Amino acid sequence: MKIFNRILILFIVLCPGCESNHDESLVDENNRTIIVYIGRDNNLSGSEEEKVSSFLEGWNGKNGNLIIYEDLYQASPVLYKIEHVNGVNIKVVLEEFTEENSASSEIFNKRINQVIQLYPGNSYGLIMFSHASGWLPQDMLLNPRSLLEDNGEEMELSEFVAALPDNLFDFIIFEACFTAGIEMAYDLKNKCNYMIGSSAEILSPGFREIYARQINNLFLPEAQLTEFVREAFEWINNQTGAYQSGTLSLIKTSELTALAGWLKEHIDKGKATAIDVASIQYFDRYTYHLFSILRIITPGY
């Protein structure tokens, strides 16, 4: 997550209308388990404490379970639950782990399945916070970031997709850079119903100011994702200077197969190769312009 100057853009794509008890018989229609996966065993700023404080401040403890996996710089990874006790939210540690690579697809899959077994829900949500570089493979950039980064080790998109159970998540929110590209969204079409991400870099403090006001809306039977994106946009738009910058997308993944079919039928790939990449809108600061509108017409979909 970096600070840079760019025009503020809001993308909403195909928006939707928009004590652990292990007894699955008690799971009702209003029970959602949301997993927050914080992969910050890297050079990101120490803003995760404020993010967690935002969850602690805002959640009303209703309609499900809020579980956080946290792997911080030079600290042991920990899994804990936010519990609402006598009107106050507290962190209850479920398990502390010896040092592990949170960017490993094996560890990621293991922690997701651990939470599912501990706190089965009628539905699930996932919030991801770490470095990211979307669809780019490991070591593609001088400062590579893929989807998660742990002390220089990265999880690539293909590994991330393979580690996720099929059709489990109602939504995935990426508080990470370059996660709203068509390549990434298409690969996640069988993993979640909706995804929120950014086509460009996300500026610190990211969604920290949004969680306290919007976390309860994410636990409603129909998660209010449009409201989450709208409030994030409004907060960014009220900033000044470089902080008044960002891109946000809300994507309905069930429409992506139809979109791919339409593009395959209507896009002239021969003409696309003649486009001057420097003349179109792009979302990165690399000389290659790897994140741009042009990417939507890449062959292969």
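This is a short talk on one predicted protein model, from its overall make-up to a few residue pairs.

First, the ground rules. The model is predicted, so to speak of a local feature I need pLDDT of at least 70, side-chain atom pairs count only at pLDDT 80 or more, and totals for chains, interfaces and linings use all residues. Residues are numbered from 1 along each chain as its sequence is written, and side-chain values use heavy atoms, with hydrogens and water left out.

Now the overall picture. The protein chain has eight helices and 10 strands; helices (H or I, at least four residues) and strands (E, at least two) are DSSP runs, numbered from the N terminus. Of the 301 residues, 52% are buried. Buried means under 20% relative accessible area, exposed means over 50%, and partly exposed is in between, with a 1.4 Å probe and protein chains only. The accessible surface is about 13600 Å², and 48% of that belongs to carbon and sulfur atoms. These areas come from the Shrake-Rupley method with a 1.4 Å probe; for residues, only the protein chains shown count as cover.

How confident is the predictor? The mean pLDDT is 78, and 69% of the residues reach 70 or more; pLDDT is the confidence in each residue, from 0 to 100. Residues 1-28 have pLDDT below 50, and beyond near neighbours in sequence this stretch has 88 contacts in the model, a contact being heavy atoms within 4.5 Å. Residues 294-301 are also below 50, with 19 such contacts. Where pLDDT is low, the predicted coordinates should not be read in detail.

Next, helix α6, residues 225-237. At 1.5 Å a residue its 13 residues should span 18 Å, and the end C-alpha atoms are 18 Å apart, which agrees. The expected span is 1.5 Å times one less than the number of residues. Which residues of α6 are buried? They are Leu225, Thr226, Phe228, Val229, Glu231, Ala232 and Ile236. Their cover includes strands β8, β9 and β10 and helix α5.

A salt bridge is a side-chain nitrogen of Lys or Arg within 4 Å of a carboxyl oxygen of Asp or Glu. Glu227 and Arg230 sit three residues apart, about one turn of the helix. Glu227 is partly exposed at 32%, and Arg230 is partly exposed at 33%.

The count by this rule is eight salt bridges. Another of them joins Asp170 and Arg32, with the closest N and O atoms 2.9 Å apart. Asp170 is in strand β8 and Arg32 in strand β1, so the pair ties together parts that are 138 residues apart in sequence. Arg32 is buried, with a relative accessible area of 2%. Arg208 pairs with Glu209 at 3.0 Å; Arg208 counts as buried at 19%, whereas Glu209 is partly exposed at 27%.

Tyr186 lies in helix α4, residues 182-187, and Ala260 in helix α7, residues 256-266. How far apart are Ala260 and Tyr186 in sequence and in space? They are 74 residues apart in sequence and 8.5 Å apart in space, C-alpha to C-alpha. Tyr186 counts as buried at 19% relative accessibility, and Ala260 is buried at 9%. Tyr186 and Thr257 are 71 residues apart in sequence and 7.7 Å apart in space, again C-alpha to C-alpha.

Key: pLDDT is the predictor's confidence in each residue, from 0 to 100.
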